[in-house]
Amino acid sequence: METRTVSFELPVGVFSALRKTPEELQKDIRIIAAVKWYEMGQISQEKAAEIAGLCREDFLMELSKFNVSPFQYTANELLEEAGYE
């Protein structure tokens, strides 16, 4: 897999406020971004897991920590697909 590096600066106080090392914060940011992009419907579970640096099963566990459904369908879409609407 080809990768590119993205870097940005954060105030030093962020690390103490969150009680995270730079490495821990980097991992958290990857997961949080992947969860949010998945929640917004911009990427698939597979792509989100890849961005987060996790297997799909572990990514699904992360979704539950953020109260994000693993399903990208609305209730109406599910009913429609099932033939009830």
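Helices (H or I, at least four residues) and strands (E, at least two) are DSSP runs, numbered from the N terminus. The model is predicted: local features need pLDDT of at least 70, side-chain atom pairs count only at pLDDT 80 or more, and totals for chains, interfaces and linings use all residues. Residues are numbered from 1 along each chain as its sequence is written, and side-chain values use heavy atoms, with hydrogens and water left out.

**View 1. Helix 3 has a buried face.** Helix 3 spans residues 45-52. Gln45, Ala48, Ala49 and Ala52 are buried there. Buried means under 20% relative accessible area, exposed over 50%, and partly exposed in between (1.4 Å probe, protein chains only). Down the helix axis, these buried residues fall within an arc of 100°, so they line one face of helix 3. The arc is taken from the directions from the helix axis to the C-beta atoms. The cover over them includes helix 2 (22-39) and helix 4 (56-65).

**View 2. Helix 3 crosses helix 4.** Two packed helices are described by the angle between their axes and the distance between the axes. Here the axes come within 9 Å and cross at roughly 90°. Helix 3 is therefore roughly perpendicular to helix 4. That label covers 65 to 115 degrees; under 35 degrees counts as roughly parallel, over 145 as roughly antiparallel, and the rest as oblique. Axes are lines fitted to C-alpha atoms, for helices over the stretch in contact, with angles from 0 to 180 degrees between N-to-C directions. From helix 3, Gln45, Glu46, Ala48, Ala49 and Ala52 meet Arg56, Phe59 and Leu60 of helix 4. Contact means heavy atoms within 4.5 Å. The contact residues divide into five nonpolar, one polar and two charged.

**View 3. One aromatic pair is counted.** Rings of Phe, Tyr and Trp (its six-membered ring) pair if their centres lie within 6.5 Å; planes under 30 degrees apart count as stacked, over 60 as edge-to-face and the rest as tilted. Tyrosine 38 and phenylalanine 59 have ring centres 5.9 Å apart and planes at 90°, so the pair is edge-to-face. Tyrosine 38 lies in helix 2 and phenylalanine 59 in helix 4, so the pair ties together parts 21 residues apart in sequence. Tyrosine 38 is buried at 2% relative accessible area. Phenylalanine 59 is buried at 0%.

**View 4. Glutamate 62 is a buried residue of helix 4.** Its relative accessible area is 14%. Neighbours within four places in sequence aside, glutamate 62 contacts Ile31 and Leu54.

Terms used. Ala, Val, Leu, Ile, Met, Phe, Trp, Tyr, Cys and Pro count as nonpolar, Asp, Glu, Lys and Arg as charged, and the others, Gly among them, as polar.
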